[in-house]
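Student: Could you take me through this structure step by step? I would like to look at single residues before the ligands.

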Amino acid sequence: DLEALEHEGREYIMQLDIATGIRRKIAHKAEWDYTSNITKENEEKKIQLQLEISKQEKAAWEDTKMYRWQDFQDVTLRRMFKKYSQLGVAALPDDKYKLLMKSVSGMESNYATSKICSYKNPTKCDLALEPDITEIFAHSQNVSELEHTWIEWHKAAGTRAKDNFTQYVTLNNEAAKLNGFKDVAEWWQSEYEVADFEQQLAKLWEDVKPLYQQLHAYVRKQLRDKYGPEIVSAKGPIPAHLLGNMWAQTWSNIESYTRPYPDKKEIDVTQAMKDQNYTPLKMFKMSDEFFRSLNLTAMPEKFWQNSIIEKPTDREIVCHASAWDFYDGEDFRIKQCTTVDYEYFQTTHHEMGHIQYFLQYKHLPIIFRDGANPGFHEAVGDTIALSVSSPKHLRRVGLINGDAEDEQTEINQLYKMGIDKIVFLPFAYTLDLFRYGVFRGTTTPDDYNCHYWRLRESLQGVEPPVNRTEEDFDAAAKYHVSADVEYARYYVSFIIQFQFHRTLCELAGEYSPTKKLVDCDIYQSVEAGNALANMLRMGSSHPWPDAMEALTGQRQMKADGLLEYFKPLHEWLKTENERTGEFIGWEASKTPLV
Ligand SMILES: C=C(C[SeH])C(=O)N1CCC[C@H]1C(=O)O
Ligand SMILES: [Zn+2]
């Protein structure tokens, strides 16, 4: 009878879950060994192991399909079976599976090991993305140097990945079909468990776009005043190499010469960190202490032993920051090439947020040890970092001794947050709108670059520094495209982190009709920490609206938190852009696209 079958099913799935934990630990160890020491040998070992494990997973999958789990009474048991019924890329036949693994690790190692020649010293050709190229984009105001560096990086990391990428698209789409999806776009969106995910992304963009256009117009004017109308036009897109970041995804590095009230005290956190002899370890210890102050879990001993927090000098590694769960309840790691600056201080909190999620749900079955949706996992650390970056907190830890809050300082602070958080949204939206088109076939390989730049221009209002052709493949010059990492998760994160922040600030007594969100710091609030922990402990055991509701009382992702946070800035920008008569929005680029 059904009762007995369900009982048998529960026994089966619990065994499968234990076996899955062991398999994942082995696979992640091989992945860790490869990405923390990029050699042909380690790549071979990793692919061989992943192939072995995919065979075991496929065999288990055949058994799982035998159960009539859709009829089971226990909703959690049904949810476990549903997740285990999705095999993933292991559904590919062995030869195609290997080809897919090779094309992705080929792109990722190309990205991680690409070097370019210096503009100032053309014989020096060992510049890596981290820290060298990142440093140039953070500080250089030499337009020719920025243009050279932008072109060389996109040639090395983008164009060189095109063949692998095209093969990856074909094989990944085949895997999607074997998992019952039309294409990878549908597969990626299924992770969000709502039927209208793409429409929700579009709605969020409509909500935020007016604010973005005001900020874009203000920054374009500031840059035109600095570089002249020949380089920055009055009504066109902004050249992408002038925004302080290789991908123009956050513009924090141009804050010092574009902020609204330049004569107000400079909040240069990086300089203060250097002056106070900060080290990467100190940055990690401070982040750990913040989490503990909320009554959240301390980093276990193994974390401090096994993590890689500085770029090694004796080997090549994947520097792009990452957090790792080895599914044994005690081995959790971060790998990042930390530099002592404000940007990496934020990234450290971002990665520690991933680890905290791992720690909070480590009691769950393996299959539920995941974010409520991929955006939740990206939002934890950033939510904490919203408190850390408040003037109140930076004063508390002695990183600034800025003036007490006055109107102009507050606008400067909101501007500093806005060129990080608001400008990121159209970039993130573009990256996966582009890849949805690629996986659906509406964007074909001979259109890749034209479609990529058409989206970047229409949504982000940026243009390439020089003419681009289909010989180039600029999308892969971004880590997540070369590493097969879905990106809508960050778009979701940058929206929901403000919903989380607002709730935590209320619980911490840091937000009320008289206390503004911009100066909220939840540090040492056990109430806030306990509420956050309760949501994190759910992992992916429930659909994400349940987790969202458990923390915020809302069941939808909405831009209202973000818009409330930046409201004073939005008003100021509208007034300022009217005062200067700056054109709002942008006309088509003058840089000819293919
Ligand atoms: C820090 C990470 C690793 Se999950 C990252 O990739 N982020 C964090 C914010 C956006 C995105 C990026 O760097 O593009
Ligand atoms: Zn992340």
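Tutor: Let us begin with Thr552, which is found in helix H22 (residues 544–552); helices (H or I, at least four residues) and strands (E, at least two) are DSSP runs, numbered from the N terminus. This is a predicted model, in which local features need pLDDT of at least 70 and side-chain atom pairs count only at pLDDT 80 or more, while totals for chains, interfaces and linings use all residues. Residues are numbered from 1 along each chain as its sequence is written, chains are lettered from A and ligands numbered from 1 in the order in which they are written, and side-chain values use heavy atoms, with hydrogens and water left out.

Student: Is Thr552 buried or exposed?

Tutor: Thr552 counts as buried, because its relative accessibility is 17%. Buried means under 20% relative accessible area, exposed over 50%, and partly exposed in between (1.4 Å probe, protein chains only).

Student: What does the side chain of Thr552 reach?

Tutor: The side chain reaches the backbone nitrogen of Gln554 at 2.9 Å. A polar contact is a pair of N or O atoms within 3.5 Å; within protein, one must be able to donate a hydrogen and the other to accept it, and residues adjacent in sequence count only if both atoms are side-chain atoms.

Student: On to the zinc ion, then. Which residues coordinate the zinc ion (ligand 2)?

Tutor: His350 (NE2), His354 (NE2) and Glu378 (OE) coordinate the ion at 1.9 to 2.0 Å. Donors are N, O and S atoms within 2.8 Å of the metal (3.2 Å for Na, K and Ca); water is not among the atoms, so sites may look incomplete.

Student: Where do His354 and Glu378 lie?

Tutor: His354 lies in helix H13 and Glu378 in helix H14 (residues 374–388), so the pair ties together parts that are 24 residues apart in sequence. Both His354 and Glu378 are buried.

Student: And which residues are around ligand 1?

Tutor: Among them are His350, His354, Glu378, His480, Tyr487 and Tyr490; a residue is near a molecule or strand if one of its heavy atoms lies within 4 Å of it. An oxygen atom of ligand 1 is 2.6 Å from an N or O atom in the side chain of Tyr487, and for His480 the distance is 2.8 Å.

Student: Which peptide bond is cis?

Tutor: A cis peptide bond joins Glu130 and Pro131, with omega about 0°. Pro131 lies in helix H5 (residues 129–139).
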